[in-house]
Amino acid sequence: EHEWDAFIEAADTDAYAVLTYSYPAESLDHAHALDILLDHIEGEDRVPAGERAEKIVLVGIGGGGAASLQAASRRGIDYIAGIAVISAPIERDGERLYTDGDLRQIIAPKLFICSEFDDLVDDARSLFAIVEDPRRLTTYPGEARGGEMFAEHGESLAQELMEFIAWAFYR
């Protein structure tokens with residue numbers, strides 16, 4: 001998805017480094033590609049000390065949001081400072097992507113974003129209800145889903161994400 005390229009460029013500042021990744025769309029376990037990326041970040045022998053992340057915030061759209069939740073729930077890594085997901089599903093092809101117990105293990109702040117008439121708004125509300133604080137749910141007007149939300153609400157959505165990232169890093 002290229003709808004959020006402007007946000008990625010804006011977020012890639014001296015204060016933050018931005019890494020993007022892709023995952024196989026046909027994979028039920030969306031977190032596999034993210035796990036590989038996190039393995040690389042954690043690999044002290046592969047990443048020079050000055051380039052190693054001390055904290056990360058995972059931001060994902062749709063399946064990427066699901067991957068962020070999956071990876072954070074099964075890793076229990078303390079350097080995940082926050083997780084922001086846009087239009088993330090609870091299940092795919094009738095199969096649940098994570099258990100309630102897995103989601104409750106995520107101690108980092110969580111931000112769930114969806115449009116009020118997106119088919120996944122009930123999933124966003126359910127995810128919000130399952131996880132523990134700190135957490136926030138924002139619904140935007142309209143029916144845009146995932147990356148389409150940047151076309152309809154680009155500036156306010158980008159600002160909300162940047163404020164969340166800053167808060168998660170420096171809380």
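Predicted model: local features only at pLDDT ≥ 70, side-chain atom pairs only at ≥ 80, totals over all residues.
Trainee: How many helices and strands does the chain have?
Mentor: There are 6 helices and 6 strands. Read from the N terminus, the elements follow the order α-α-β-α-β-β-β-α-β-α-β-α.

Trainee: How much of the chain is buried?
Mentor: Of its 171 residues, 49% count as buried. The exposed surface comes to about 9,000 Å², and carbon and sulfur atoms supply 48% of that area.

Trainee: What share of the contacts links residues 24 or more positions apart?
Mentor: Among contacts with a separation of 6 or more, such residues account for 74%.

Trainee: Changing topic, how many salt bridges are there?
Mentor: The structure holds 7 salt bridges. One of them joins Asp 118 and Arg 145, with 3.0 Å from N to O. This pair links distant parts of the chain, as the two residues are 27 residues apart.

Trainee: Where do the two partners sit?
Mentor: Asp 118 is in the loop between strand S5 (110-115) and helix H5 (121-130). Arg 145 is in the loop between strand S6 (135-140) and helix H6 (148-170).

Trainee: Is Asp 118 buried or exposed?
Mentor: Asp 118 counts as buried because its relative accessibility is 4%, and the cut-off for buried is under 20%.

Trainee: Which residue pairs with Asp 100?
Mentor: Asp 100 forms a salt bridge with Arg 96, and their closest N and O atoms are 2.5 Å apart. Asp 100 is partly exposed at 28% relative accessibility, and Arg 96 is partly exposed at 40%.

Trainee: And what does Asp 133 pair with?
Mentor: Asp 133 forms a salt bridge with Arg 135, the closest N and O atoms being 2.7 Å apart. Asp 133 counts as exposed, at 55% relative accessibility, whereas Arg 135 is partly exposed at 29%.

Trainee: What kind of peptide bond joins Asp 133 to Pro 134, cis or trans?
Mentor: The bond is cis, with omega about 0°. Pro 134 is placed in the loop between H5 and S6. As background, most peptide bonds are trans.

Trainee: What about phi of Ser 87?
Mentor: Ser 87 has a positive phi, near 55°, although it is a residue other than glycine. Asp 93 also has a positive phi near 55°. In general, most residues other than glycine have a negative phi.

Trainee: Where are Ser 87 and Asp 93?
Mentor: Ser 87 lies in the loop between strand S2 (80-86) and strand S3 (91-92), while Asp 93 lies in the loop between S3 and strand S4 (95-96). Ser 87 is buried, with a relative accessible area of 3%, but Asp 93 counts as exposed at 73%.

Trainee: One last topic: which residues form the negative surface patch?
Mentor: The patch is formed by Glu 3, Asp 5, Glu 9, Asp 12, Glu 143, Glu 148 and Glu 152. Helix H1 (5-11) and H6 each supply at least two of its residues.

Trainee: Where is Glu 152?
Mentor: Glu 152 is found in helix H6. Its relative accessibility is 48%, so Glu 152 counts as partly exposed.

Note on methods:
Residues numbered from 1 in each chain as written. Heavy atoms only, no water. Helix = DSSP H or I, 4+ residues; strand = E, 2+ residues; numbered from the N terminus. Buried < 20%, exposed > 50% of the residue type's maximum accessible area, 1.4 Å probe, protein only. Contact = heavy atoms within 4.5 Å. Areas by Shrake-Rupley, 256 points an atom, 1.4 Å probe, with all protein chains shown as cover. Salt bridge = Lys/Arg side-chain N within 4 Å of Asp/Glu carboxyl O. Patch = residues over 30% accessible without salt bridge, like charges linked within 9 Å, V, L, I, M, F, W, Y side chains within 5 Å. Lys, Arg positive; Asp, Glu negative; His and termini not counted. Charge placed at Lys NZ, Arg CZ, Asp CG, Glu CD.
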